[in-house]
Every structure is written in C-alpha cells, then in structure tokens.
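Dear colleague,

I am passing a structure on to you, and below it you will find notes on what turned up when I went through it. Please keep it open while you read.

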Amino acid sequence: MQLFFFSLLHFGALLVLALSSYTLGHRLTRSVSYASAYEQIAFCTALGLGVVAYIVFFIGMLGLLYSPVVLAIFAVLLIACYREWREMGRVLVAAVRNVIRSRKRLAIAALIAVVAAVVLVLYPAWRLPLYPPTSFDATMYHLAAARVYVEHHQVAFDPYLRFPLFPQTNEMLSALMLLLYDDIAAQLVQFLMVLLIAVGLCGWGLRLFSLRVGIWAGALWLSNPLVLAVGSTGLIDGGLALFICMSIYALFNWLTTKNRKWLVLSAIFAGLGSGSKYSALFFVGVLALVALYVAIRERRWTYPVMFVAIAVAVAAPWYLRSFYYTHNPVEPFFSQVFGYHTWNEADMQGQLKDWTLKGMGKDLNALLLLPWNLAQYQGRFGNDLPLLTIYFWLLPLTLLAAFRNRYIRWLLLLVGAFTLFWFYSAQIQRYLLPVVPALILATVAAVDLSLSWLRLPRREPLARLVTAVGLVLCVAPGWLFAGARVEARGHVPVTVAQRDAYLQASLPAYITHRWLSGVCDSGCTLYGLYDEDMAYFTVGDFLGNTFGPARFSDIVGEADTGDDLYRALSRLGAQYFLVTEHRKDVTLPNDASFQRHFKAVFRDAAAGVMVYKLTQ
C-alpha cells in the first residue's frame, strides 16, 4: 500500500507536468496539421517540455528560482492555455461517454483488456525510476548541477562541477522537479521522455509505413535495457534522444509534405537538442545540409538559412552563458582557440585519453567490423547496459530493403552519418541513443516489408494476429530485463529509513554525507577526495573532481606535509575534508602539522571513509 501511494504521488506529479507541457506545445502548434493522435501527443508534449525547461532557465538566470515564483509564472501560462485545457477535457469526456453509452460489451471488455495489458507490460518498467538515484554521472554532475541551482535559487556558475558550462536544458527540468518535489520526480522526467519517443515512433511509423510498424518500433525501443536504464536515472540521454528524434521526424514530415511549419519544428527541436549536449550540433549541420539540398533542387534558398537561424537561436542562451564566463562558447572544447579556463591542458588530454579507451579502435578494419562488434562486444563500448542486438543482426536485411524503400534509405543514411561521427569521436554506447529510434524504425519497416514479400494472406484476422505476435516478441526483452532489474534491487524504498538503507548499500559514502548534512544544515564547503559522485548528496558546496580547479591531482600532489595539504584546501575555501578508501588507496601526511590542522570528526570504517574538519 505504501508503494501504491508513493507511486501515485510521483506519477501524479509527472502527469501534471506532461499535461501542462502538452497544452503549452499544443498552444504553440495549433496551426500544425498532425496525421495522428500519436504524432500530436509526441510533438506537443516534447515541445512543451522544452518550453518549460527554458522558462526555468530564464527564471534561474534572474535569480528567482523560488517555488512560489515558479508556480505563479506557470499558473499564468496555463491559464492562458485555457482553450487547450477545455478542448482536451471535451475530448476526454466525449470518449468516456461513448464507452459508457456503448452497448457493445465486447468493445468495453477489449478496452479494459488493453488497459490491463499496458499496465502489466509496463509494471516492471515503471518501478525502475522510483529507486533513489545512484548512477555515477547523474549524482556526480546532472542532478548535482540541478541541486546547486535550487539551493542558490539561480542558474549559478559552479566551476567545481565536472562540466560547469555544458548546455543543460534537461537539467532545468530536473531542477524544476527538485524545487517542487524530489529527485524521484526528476528521474521520472527522463522516463516520460523515453515514453514519448515510443509514442512518437508509433506516429512516425504510421505516417511513413503502417500502424503495425509504428507499434512494433515503439515496443522495441522500450525493450532496450540501455533505454530503460537512462529512462530511470537522472541522466540526460533520454531527453537528448527525444529532441533529436522529434527533429528528424519533423524533417521527414517536411520532406513529404513541403509544409514549412515542419521545417520550423525540426529546427526548434534541433536547437533543444543542441541546448542539451554539444554532440547534437552534428544534427544541426547535417539536417541543414538536407535543407540546402532541397533548396538547390527547388530554388528556395531560405530553407537552410531559416533552419540554422532557428536552431541557433534556440540553443544560443547556453552558448552565450558559456562565452560570458570563459569567452569560449563550447567550454572546455577548442581550448587551443579560445584558451583554457575551467580545465587545463592536462584535463583535456585526460578526457580525450579516457574516450580513446572506449571502443575497439578507429582504423578502417574497426569501422568495417563495427556492426559485428556492436552485436558481439558491446561491453567494450563503455560501462552502459546493452542495446538489443537485433538491429545489427538484421542490418543486411535492412540494407536490402533500403533499395526498395526510400524512407528506409533516408533513415539509414542519417543513422550511418551520425554513427561515423560517433565512431571517430567518443565510442561510448550511450552516445548512440539519438539515432537508435531511427535505426529501430528502419529495421522494423524492413521486417514488415519482408513479410509483404512473402505474400502472406492479407485477411484482417491474420494481420491482427501477426501484429499481436510481433508486439509480444518486441515487448518481451524489456519486460524480462525490467523484471530482473527490480528483483535484483529489491523493494522500492518509500520511507526515509528505507531510502537511507538502500543508498548506503549502493553508495558506501552515503551515510557520511547524511551525517554531514546534519552537521552543516545550513550548508558548508566540503572537499571530497575521490568522492565526486556524491556531489548531489552534499548540503552546500562540494569540491573535488578528476578535472577542473579542484582536481584531485593538485591536492594529492601537494600533500607532502600537513601544512601543504592545509594550504591547498584552504585556497579552495574547504571547511571539511572527506577521504575515501573504497576506490583508491590514499596516503595522507602523518606529521605534527597534519594533526594540528585536521581534526577527525567522523569515521566509517566499514565504508573506508574519514571526515576531517580544517582548523587553523
């Protein structure tokens, strides 16, 4: 019962965000003609989420990130969308009345069966984002950044974060949920975003191929362990994939309808993607080239100019923010041109070296074997959970179908272009997610086209049976993975005590940070040595990271004596010094000056964590 109410409250909050985003998106796209309800829901809600994120960003830039202010602003916006709320209510009421008045008991029973089936299919999956955050990148950076903004009531520049000036559109949504609710709600935003991709694939498949292709594609997307993983954490890859998927989807709609409104939407989503991660700039360039190609053929030179102008305008606030603080719009990259600021040359080389350790090489042989390696050796492409390998095994069939179907051909060309970019940059599996929806759609369409080549009888009952069997096969891997994941994690923590126990079992230093939050209830400045993934759980300012002005190498390198260590930490303003031994052996100075400047105030021997308070 506790889990029921815990889930109800959090999914209720998510539903409020989803409906509010939908109404905002629908208000902005009233003149757009959607081909299906799937398409309308996906585009309107995704666009609304982007609008919400930027509203939070501008409120934060003004230093007004307080819950009353945020609620008041959104209340005004939602009141302005009264027409959309009324229309949505009218549609829902009409649908309910039709069901109630219907005398077709079979239809009502079928509707109940469908709802029950959806709940059953999603049951393991919807529990995953309800666990407390433990993903390294989420607690080290993404959620940590959102926490900093909420605590300071503004989008502050914190140079001690791993990537303090990256584009952070998705983090704005996390900050909103942290401000108004909690970190579980922040994780659920990513869950909503990966669900929207599934809905979008239904609409995309219906528009280009058939509803069966769309349903299979959406189900197959949600069956990926990697997708379920990023959709249940505070990572931003699900949100990035949503914006890029909708950008490509809108561009395809423009190519097939020649309606400029779709080109505008494509540019907006490309800008939202570029406002989420630097790698999305690739799609601004490539999709602009597509617009240029069409412009040359049709002698409409405004297409690429309009696309680039809109995409740049949408993404610009983040790049201008970075330029304001460092004179580098893409900090910390291209430092040879713009100079080094938050990172030094050693930091940049260290990050590049870390990326080169991922993958299976960048030579021609590795490129030719890439589909095989992604199917057989996904563990070599980072520490992420796997993608389903069916796309790579069916690639020959998809390539064959591409010769017969131009839409499959376009999808594969786009997927191939980004894969080539990914291959020669950072071969981390999670970074491939933006084009996985397009790859799934192409693969499923190729399979469906192959079924038509077999000239199976096209009677309606048989077609429905084929669709149902395909849906079960597509859903099964995700259902089994989510079920196993939930079983391994145990019961969802719904009380404070259960949450603390879960986090302590997953993160050895958690109880130490819990203790510190009681000591520094108004915030303090902590330097955590080899403890960067606990930045989110710190109350106050957290220092210490592999890269940046509080890098570990500087502190450890200056730790010959207690005086040296004290001066290094004092320059950063540290009040407490946390040392962990569960990741890396640490040897501290053992002299009189260390005893004078460092007072041991907490020790967790089981976790290998010690906290010192700095004294003069």
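E84 is buried, at 3% relative accessible area, where buried stands for under 20%, exposed for over 50% and partly exposed for in between, computed with a 1.4 Å probe on protein chains only. This is a predicted model, in which local features need pLDDT of at least 70 and side-chain atom pairs count only at pLDDT 80 or more, while totals for chains, interfaces and linings use all residues. Residues are numbered from 1 along each chain as its sequence is written, and side-chain values use heavy atoms, with hydrogens and water left out.

The side chain of E84 meets that of R30 in a salt bridge, 2.8 Å from N to O; the term requires a side-chain nitrogen of Lys or Arg within 4 Å of a carboxyl oxygen of Asp or Glu. R30 is partly exposed, at 33% relative accessibility.

A second salt bridge joins R207 and E39, whose closest N and O atoms are 2.8 Å apart. Here R207 is partly exposed at 24%, whereas E39 is buried at 0%.

In a further salt bridge, D237 pairs with R430, again with 2.8 Å between the closest N and O atoms. D237 is buried at 3%, and R430 also counts as buried, at 10%. Through shared partners, salt bridges join D137, D237, K277, D384 and R430 into one network. The whole structure holds 19 salt bridges.

Best wishes
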